[in-house]
Structures are given as C-alpha cells and as structure tokens.
Amino acid sequence: MSFNDVSMIQRRTLLQGAAAFAGVHLVSGAQAQTGRDHWPSKPIRLIVPYNAGGATDILARAFGEGLSKRVGQPVVVDNRPGASGIVGTDAVAKAVPDGHTLLMSLSSSMLVNQYLYSKLPYHPIKDLALVSQVSTAPVVLAVHPSVPVKNMKELLAYAKAHRGQMSYGSYGVGSYAHLAGAYISKITNSDMNHAAYKGESQAIQELISGQYQFGFLSAQNVKPHADTGRIKAIAVTGRQRMVVMPDVPTIHEQGVLDDAFSLVGWIAMGAPAGVPRDIIAQLYAHLLEVAKDPKVQERITGAGFAPLMSSPEQFRENYQRDMPVWKALVETAGARLD
C-alpha cells in the first residue's frame, strides 16, 4: 500500500462523496419516500465501544445531535467499553439490521481486531455494514518530561540504550497505541513493558504521573498538558501535521519512514450487516449535511482529526486498501490475543 497525503485523500473523498450524495437523490421518488416513511420509526441507538469522554465519544455525540435534528428522532449514545472495543462492536454486529442501531468506532474494533483475536465474536467484514469514515485519526507521540528526547529518532536510540527499563502506554489492548508501541519495542530490541488502560483519560493521567515513559494519544488529550509542560509532544503520525498542533512535525518528516508510523487510523460509523441499502444511503446523506455544521467541524479538528466523510463505497475501498497494512503491523509487532 502506498500512503497518500491526507489532503489528497480529502480532495478525492469530497469529489466522490459529492457524486455519491447526488446519487442518493436520484433514487426514484417512490422508493425514497417509502424509506423516509419507515426510517427511523423510533429512537436510534448509537453505540460507542469506548468510555465516555474520549475523542470517539465526543464525535459520536456531535454527529448524534445533528442526526437527531435531521431525522426527528432521538439519537441516544450508548457507551459500551470493554476488550478493545469488542463488547460494543459485537453488540452492533448482533443487533437487528433495521437502521436503529448504529456504531461509531475506531479502525481498531472495525478492522484491526480480526488480526489480533483468533476467537473474535464477530467478523468485521461479514457482520458490519460500512457507512462512512467520518475522519482520519492521526495521533500524537507523547513523552514524559523525564525522558531526554526531542524527536522520534532520539526516542528510538534512547530505547535501544535502556533495554528492559522502559514502558509504553495505550488506551486498550489491540489499539494503534499498543501496536505501535510493540513495534518500537521490537525494532529497537528494547524489551519494553506495555501498560494498557481502560480508556485514554486514564492513560493520559498515568503518563503525566510517570507510570510509563511514552505513548500514542489523541491531540485532544495531549495538547492541554503539552502546553503546560506536563508532557512533551514530539511527533504525530501520518503524513500531514495536525491543524490543532501545527508546530509538531510528523514522524515521517523526522526521517523515520516506517509504514507503521505513516498509517493513519480513522473514526467511522457502521451498522449491522443487512441494513437496507436505501437506509444506508439516507443515513450517509444526513451525515454529509451534519458534517457541514461548523460546530461539528470544530469538534473534529479540535481533536486533532481531519474530516473525511467517505461514502459507503469509498469506505469499502479504503478498508480493502488498509487491511494488508494493518495485518503486517500486527504481525511485525508480534501481537496476538485470545
């Protein structure tokens, strides 16, 4: 897989998204009216398989509020954390496919877990309908101030020189933070410990207190503490700097060109497989309109993300493109869970 700049992905997505959006409105009047008469016919449950307060939860609430206004039904955000997003994602996979149960999650639970777990209770490809990747989700490489490094190359060298003495933290087993940390441990032969927390809020507090030395975390949680010097933000993943932290260079800019650090996760909306295509089309059309709200845009960029809003068709293409890269990262990191 070759990695394109996020800006290029955005331009392509906006053009194709506009075409898909126009296609939605070319559905025959009778068919469109029938779908509107029957969906949604009751409150929509939007399951977030992570703790309240995290970036995924914040975006879910922003989109849920906007969607509720457009469809005239409540959208209730239901946080179901546990097992790296498995608990909540499985609940969606097994829900009635009528468009009244939706998922807002990360690439970890919707894609990566299939390579981590041999006994995953759901099959992401077979059991989930892909609605839209609402944003790309680069993360910040944050370091405790006690670690004397200023960039990724210095961190790699420091890890090599302190074998068995360092720990990296994550917001869940199987998350990008876990896989990237394990990857660093392997390529530096530094035998680092993994400190896994139940959510990012806990992970950031433990980094501040020095319980571990570095981790990959969202800009939303890193920035306030980096601004006050409680932690150091030394790099970001992906190929483009974050709008909210423009002075922090990418790892790629720093000369570390591994695909593992150019890879960008995403936050996406899904549904149970089998939801009628006309409902998926209506839902996506509503999401496109919700995403235009300046407040929603602010929530996305404020978390350090970039709006994407891929169509269901684009989502499937991006998914197929990303699969082998995530699989390779899992294999290189040597991560396997049961």
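Which residues form one aromatic cluster? Tyr176, Tyr183, Phe216, Phe261 and Trp326 do so in this predicted model. The protein has 14 helices and eleven strands, and 57% of its 338 residues count as buried. Among the contacts with a separation of 6 or more, 78% are accounted for by residues 24 or more positions apart.

**Packing of helix α8 against helix α14**

- The axes of α8 and α14 come within 8 Å and cross at roughly 50°.
- The crossing in which α8 passes α14 is left-handed.
- On the α8 side, the contact involves Tyr176, Leu179, Ala182, Tyr183 and Lys186.
- These residues meet Trp326, Leu329, Val330, Glu331, Thr332 and Ala333 in α14.
- Sorted by class, the contact of α8 with α14 has eight nonpolar, one polar and two charged residues.
- Tyr176 and Tyr183 of α8 and Trp326 of α14 take part in this contact, and Tyr176, Tyr183 and Trp326 also belong to the aromatic cluster.

**Packing of helix α7 against helix α8**

- Helix α7 spans residues 152–161 and helix α8 spans residues 176–188; their axes come within 9 Å and cross at roughly 60°.
- The two helices are therefore oblique to each other.
- The crossing of α7 past α8 is right-handed, whereas that of α8 past α14 is left-handed.
- Met152, Leu156, Ala159 and Lys160 of α7 make the contact with Ile184, Ile187 and Thr188 of α8.
- By class, five nonpolar residues, one polar residue and one charged residue make up the contact of α7 with α8.

**Aromatic pairs**

- The count of aromatic pairs comes to nine.
- One of the pairs is formed by Tyr197 and Tyr212, with 5.7 Å from centre to centre and 35° between the planes, and it is tilted.
- Tyr197 lies in the loop between β7 (193–196) and α9 (200–208), and Tyr212 in the loop between α9 and β8 (214–217), so the pair ties together parts that are 15 residues apart in sequence.
- Both Tyr197 and Tyr212 are buried.
- The rings of Trp266 and Phe315 have centres 5.3 Å apart and planes at 85°, so this pair is edge-to-face.
- Distant parts of the chain are linked by this pair, with Trp266 in strand β10 (residues 265–272) and Phe315 in helix α14 (residues 312–333), 49 residues apart.
- Trp266 counts as buried at 3% relative accessibility, and Phe315 counts as buried at 0%.

- Ser135 lies in strand β4, which covers residues 128–137.
- With a relative accessibility of 0%, Ser135 counts as buried.
- Leaving aside residues up to four places away in sequence, Ser135 touches Leu59, Trp266, Ile267, Ile300, Phe305, Ala306, Pro307 and Leu308.
- Trp266 is among the residues that Ser135 touches, and Trp266 is also a member of the edge-to-face pair with Phe315.
- Two further residues touched by Ser135, Ala306 and Pro307, correspond to the positions of strand β11 (306–307).

**Backbone features in loops**

- A cis peptide bond joins Trp39 and Pro40, with omega at about -10°.
- Pro40 is found in the loop between α2 (29–38) and β1 (44–48).
- Ala83 has a positive phi, near 55°, although Ala83 is a residue other than glycine.
- The loop that holds Ala83 runs between β2 (75–79) and α4 (86–93).
- Ala83 counts as partly exposed, with 44% relative accessibility.
- Met309, which is not a glycine, also has a positive phi, of about 55°.
- Met309 is found in the loop between β11 (306–307) and α14.
- Met309 is buried, because its relative accessible area is 6%, whereas Ala83 is partly exposed.

Methods
Residues are numbered from 1 along each chain as its sequence is written. This is a predicted model: local features need pLDDT of at least 70, side-chain atom pairs count only at pLDDT 80 or more; totals for chains, interfaces and linings use all residues. Side-chain values use heavy atoms; hydrogens and water are left out. Helices (H or I, at least four residues) and strands (E, at least two) are DSSP runs, numbered from the N terminus. Buried means under 20% relative accessible area, exposed over 50%, partly exposed in between (1.4 Å probe, protein chains only). Contact means heavy atoms within 4.5 Å. Axes are lines fitted to C-alpha atoms, for helices over the stretch in contact, and angles run from 0 to 180 degrees between N-to-C directions. Angles under 35 degrees count as roughly parallel, over 145 as roughly antiparallel, 65 to 115 as roughly perpendicular and the rest as oblique. A crossing is left-handed if the near helix is turned anticlockwise from the far one by less than a right angle, and right-handed if clockwise. Ala, Val, Leu, Ile, Met, Phe, Trp, Tyr, Cys and Pro count as nonpolar, Asp, Glu, Lys and Arg as charged, and the others, Gly among them, as polar. Rings of Phe, Tyr and Trp (its six-membered ring) pair if their centres lie within 6.5 Å; planes under 30 degrees apart count as stacked, over 60 as edge-to-face and the rest as tilted.
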